[in-house]
Amino acid sequence: MNFNTKVIHGGQHHESTTGSVNVPVFLTSTFAQKSPGIHSGYEYSRAANPTRQALEDSLASIENGARGLAFGSGLAAIDCVLKLLNPGDEVIAVDDLYGGTYRMFTRLFEKYQLKFTFVNFDDVSQISKVITDKTKLIWIETPTNPLMKLVDIKAVVEIAKGKDILVAVDNTFATPYIQRPIDLGADIVMHSATKYLGGHSDVIAGALVAKDIELGEKLHFIQFASGGILGPHDSYLVLRGIKTLALRMQRHSDNGIAVAKYLEKHPAVEKVIYPGLEAHPQYNLAKSQMKEAGGMVSFTFKSGKKEDAIKFLEKLKVFTLAESLGGVESLANHPALMTHASIPAEKRAELGITDDLVRLSVGIEDAEDLIADLEKAFS
């Protein structure tokens with residue numbers, strides 16, 4: 001199947017009893033057994049639920065993986081990946097991370113004797129310099145949050161090859177419509193399915209897709225043993241969202257480039273960070289690795305003042321000032337005060353997450369209305 005067909009039909013089957021076209025929401029905690037240990041494939045919903053299974057099969061299909069898993073949040077999915085590791089193991093991560101991921105790495109898992117090294121992946125050769133015989137995982141975000149930096153997935157996979165190191169990619173910003181890391185050699189793909197996969201700001205969910213069955217089974221055991229599963233109703237919402245993923249992501253991308261080009265010409269704007277602009281330092285990598293540039297745009301002010309960013313955000317009407325991203329509605333965010341506040345100020349400054357940085361999640365409204373809203377907010 002091609003992608004537009006996969007989001008609707010990939011891994012999906014009509015319900016066997018009634019022929020229902022949509023998977024029913026199986027609101028049950030347990031399943032009847034014919035005899036002790038003899039059942040229809042379902043025993044207890046923490047292990048498997050037919051609605052969640054339908055979503056997980058869809059996730060595997062659209063990411064071209066062997067096994068999909070659905071979690072109660074994106075952070076629950078990341079937690080599952082880290083539980084593959086043992087005390088003393090080392091993780092190399094891209095330095096520009098989502099604040100919640102950074103918080104989990106440094107404030108939760110470091111105390112269990114995992115070591116995290118944060119590296120600027122602009123030059124992937126820097127990864128080789130910090131790899132040791134204890135390195136077991138390389139964690140990538142591409143594009144990164146909020147600085148829209150890209151990581152050459154193929155190049156990182158090549159560095160890890162033959163070293164017993166897993167490569168995991170947070171594909172939340174791009175989605176499989178734009179970028180498929182498993183096709184580029186990654187072992188694990190992670191999504192905050194709250195964002196573009198769900199697509200309607202009405203669910204909190206996470207997802208993992210494993211490249212092979214053996215790794216998928218290891219992750220499923222951790223999911224089952226730890227219990228961070230996605231409930232059946234939320235599974236249904238994400239599955240429904242996936243069916244329109246291709247349509248929405250194309251519109252997000254079309255609007256994203258329109259907004260980025262507008263901002264690029266605005267006299268109050270110092271820098272626009274968007275992979276679809278030729279001014280982006282990794283524009284060529286974006287063209288080779290991504291189908292589109294997506295709907296996430298960040299920018300800074302010529303004044304460099306936090307006050308100007310706050311005043312701008314308070315004036316927006318069509319864009320909503322809120323955390324999160326990836327919904328059909330446009331959102332605006334101040335990373336230093338909102339999504340990345342958990343990162344120490346000195347670390348934010350080192351990365352370039354300045355106090356005048358604004359991150360936009362460009363929705364699927366009419367681009368003309370979005371640009372008019374930005375224009376009024378600048379005035």
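**Entry 1: ground rules.** I call a residue buried under 20% relative accessible area, exposed over 50% and partly exposed in between, using a 1.4 Å probe and protein chains only. This is a predicted model, so I noted that local features need pLDDT of at least 70 and side-chain atom pairs count only at pLDDT 80 or more, while totals for chains, interfaces and linings use all residues. Residues are numbered from 1 along each chain as its sequence is written, and side-chain values use heavy atoms, with hydrogens and water left out. Helices (H or I, at least four residues) and strands (E, at least two) are DSSP runs, numbered from the N terminus.

**Entry 2: Asp164.** I started with Asp164, which counts as exposed at 61% relative accessibility. I found Asp164 in the loop between H6 and E5. Its phi is positive, about 55°, although Asp164 is not a glycine. For context, most residues other than glycine have a negative phi, and most peptide bonds are trans. Asp164 also forms a salt bridge with Lys136, at 3.3 Å from N to O. Lys136 sits in strand E4, so the pair ties together parts that are 28 residues apart in sequence. Lys136 itself is partly exposed, at 23% relative accessibility.

**Entry 3: other salt bridges.** My rule was a side-chain nitrogen of Lys or Arg within 4 Å of a carboxyl oxygen of Asp or Glu. That gave me 9 salt bridges. One of them joins Lys149 and Asp95, at 3.3 Å from N to O. Lys149 is in the loop between strand E4 (135-141) and helix H6 (153-160), Asp95 is in the loop between strand E2 (90-94) and helix H4 (99-109), and 54 residues separate them. Are Lys149 and Asp95 buried or exposed? Both are buried. I also noted Lys83 with Asp79, where the closest N and O atoms are 2.8 Å apart; Lys83 is partly exposed, at 37%.

Entry 4: I looked for cis peptide bonds next. The bond from Thr142 to Pro143 is cis, with omega near -5°, and another cis bond joins Asn145 and Pro146, with omega about 10°. Pro143 is in the loop between E4 and H6, and Pro146 lies in the loop between E4 and H6. Asn64 has a positive phi of about 55° although it is not a glycine. Asn64 belongs to the loop between H2 and E1 and is partly exposed, at 30%.

**Entry 5: the sheet with E1.** I counted two strands as paired if DSSP finds at least two bridges between them. What is the order of the 7 strands in this open sheet? I read E1-E7-E6-E5-E4-E2-E3, with mixed pairing. E1 and strand E3 (115-119) are the edge strands, each pairing on one side only. I took axes as lines fitted to C-alpha atoms (for helices over the stretch in contact), with angles from 0 to 180 degrees between N-to-C directions. The twist averages 20° from one strand to the next.

E4 and E5 run parallel, joined by 5 bridges, and Leu137 has Leu166 of E5 as its bridge partner. E1 and strand E7 (residues 206-210) are antiparallel over 5 bridges, with Arg67 partnered by Ala210.

Why is E1 largely enclosed by the rest of the structure? Because 5 of its 5 residues (67-71) are buried. Both faces are covered, with Arg67, Leu69 and Phe71 on one side and Gly68 and Ala70 on the other. Helix H8 (residues 213-226) lies across E1, E5, strand E6 (188-191) and E7, at about 20° to E1.

**Entry 6: the other sheet.** I found an open sheet of 5 strands in the order E8-E9-E12-E11-E10, also mixed. Its edges are strand E8 (269-273) and strand E10 (320-321). Strand E9 (residues 296-301) pairs with strand E12 (residues 358-361) in the antiparallel sense over 4 bridges. Val297 has Leu360 of E12 as its bridge partner.

Definitions and conventions:
Contact = heavy atoms within 4.5 Å.
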